[in-house]
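Please open the model in your viewer and keep the selection tool at hand. We will go from stop to stop together.

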Amino acid sequence: MANASGLFSPSIPTPRIKIQPAIGVSRSGSCSNKVVLGRILCGSTNEKHASGVVSSESRVPKVIGKGCKLIGCGSAIPTLQVSNDDLAKIVDTNDEWISVRTGIRNRHVLSGKESLTGLAVEAARKALEMAQVDPEDLDLVLLCSSTPEDLFGGAPQIQKALGCKNNPLAYDITAACSGFVLGLVSAACHIRGGGFNNVLIVGADCLSRYIDWTDRGTCILFGDAAGAVVMQACEAEEDGLFAFDLHSDGDGQRHLNASVKANETDHALGTNGSVRDFPPRRSSYSCIQMNGKEVFRFAVRSVPQSIESSLEKAGLTGSSIDWLLLHQANQRIIDAVATRLEIPQERVLSNLANYGNTSAASIPLALDEAVRSGKVKSGHMIATAGFGAGLTWGSAIIRWG
């Protein structure tokens, strides 16, 4: 099991002023942290001088004073809406059975000439418009998706469609329903450590293409959508990412996966001494396979622990949080996590009933609706968490605006 510690947590417990720790990396790979008036001092912890004396830190530390903040959001959904009653026409289920067990009543599915890239671009444009950032001013485009329309990734196509003429870096992050949280942390790292100013983070997935529509255990859960945010560099005291906590456990892959499978036709060559099983058979991905009970247990156990860890790193408590924003997988999971964290329902953001589980799109989709409806306002503190296939899970404490 691997985990990542949130190095951005403040050393002073306050939701408004964040002092970033310095990261001094020694030859052994250990880190030393030193805070000086909100600036990061980066230097080697074991530097040998000409005299032969090993200093505990570099005499000339590098000063970095950047923070990052979220300044714009957007979302897009397919035209076709599929209700629980619609699903009842093709599988043995009904609206009550689905809604009681999941909280879902509708979902949207790509159809006709619609594309996932088109949804991602639409969401991105809305986020850029809210942020008042020109596409040419973007330094990085991150696409968080497990279902890109090109095997090699879709982020460059978003960059192209937006008209980014300066060829900013664009790449994909594949982490299923945890993808968007990983995108937030990755963007912050590029800003704080790489000098980037404007980063576009898009969460977009089309799981309807990988669903067995005869399996009522999975086809009732998923929908397609895209959501996006713009993260911008700012002064350290305006920083909007307070802490994070990231994990993965490959042993849990057996509970939730869509693995590669070979086609049934055997193309092996077997005459005149030819090597068998070459050329390889053409392969494709299976439909989503999920053990719902195990995934539920994993989520209600791991997600609260992760959020509590992020809060502790940030020097905050649950009462400091204005909103709880979880990956929209199942309303029972959302309710269980909120109860564990003692966060009342009126402070929980949920739009699961209208869209189902949209994987990496679910968090930015719910955030965009909450911002545009006036629920989430500038300065509000949000505890967010993603969890899903991998298994992967992670949380972050962020401030909007």
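Predicted model: local features only at pLDDT ≥ 70, side-chain atom pairs only at ≥ 80, totals over all residues.

Residues are numbered from 1 along each chain as its sequence is written, and side-chain values use heavy atoms, with hydrogens and water left out.

**The whole chain**

Begin with a cartoon view: the chain holds 10 helices and 24 strands. Both are DSSP runs numbered from the N terminus, helices being H or I with at least four residues and strands being E with at least two. Of the 401 residues, 51% count as buried, where buried means under 20% relative accessible area, exposed over 50% and partly exposed in between, with a 1.4 Å probe and protein chains only. Among contacts (heavy atoms within 4.5 Å) with a separation of 6 or more, 72% come from residues 24 or more positions apart.

**Helices α3 and α4**

Next, select residues 116–131 for α3 and residues 155–162 for α4; their axes come within 10 Å and cross at roughly 55°. That makes α3 oblique to α4: angles under 35 degrees count as roughly parallel, over 145 as roughly antiparallel, 65 to 115 as roughly perpendicular and the rest as oblique. The axes are lines fitted to C-alpha atoms, for helices over the stretch in contact, and the angles run from 0 to 180 degrees between N-to-C directions.

Which residues meet here? Show Thr 117, Ala 120, Val 121, Ala 124, Arg 125 and Leu 128 on the α3 side, with Gln 157, Ile 158, Ala 161 and Leu 162 facing them from α4. By type, the residues of this contact are 7 nonpolar, 2 polar and 1 charged.

Stay in α3 and pick Lys 126, which is partly exposed at a relative accessible area of 31%. Leaving out residues up to four places away in sequence, Lys 126 touches Cys 73, Gly 74, Ser 75 and Arg 372. A C-alpha to C-alpha distance of 8.1 Å separates Lys 126 from Gly 72, which is 54 residues away in sequence.

Now move to residues 362–372, helix α10: 9 of its 11 residues are buried, so the helix is largely enclosed by the rest of the structure. Among the buried ones are Ser 362, Pro 364, Asp 368 and Val 371. Just after α10, look for Gly 374, with a positive phi of about 90°.

Step back to Thr 358, in the loop between α9 (352–355) and α10. Thr 358 is buried, at 1% relative accessibility. Its contacts beyond four places in sequence include Asp 205, Asp 224, Gln 328 and Leu 365.

**His 327**

Select His 327 in the loop between β21 (323–326) and α8 (331–341). Is His 327 buried or exposed? His 327 is buried, with a relative accessible area of 1%. Its side chain makes a polar contact of 3.3 Å with that of Asn 357; such a contact is a pair of N or O atoms within 3.5 Å, where within protein one must be able to donate a hydrogen and the other to accept it, and residues adjacent in sequence count only if both atoms are side-chain atoms.

**Thr 218**

Finish at Thr 218 in helix α6 (residues 216–219). Thr 218 is buried at 3%, and its side chain has a polar contact of 3.0 Å with the side chain of Asp 215.

Definitions and conventions. Nonpolar A, V, L, I, M, F, W, Y, C, P; charged D, E, K, R; others polar.
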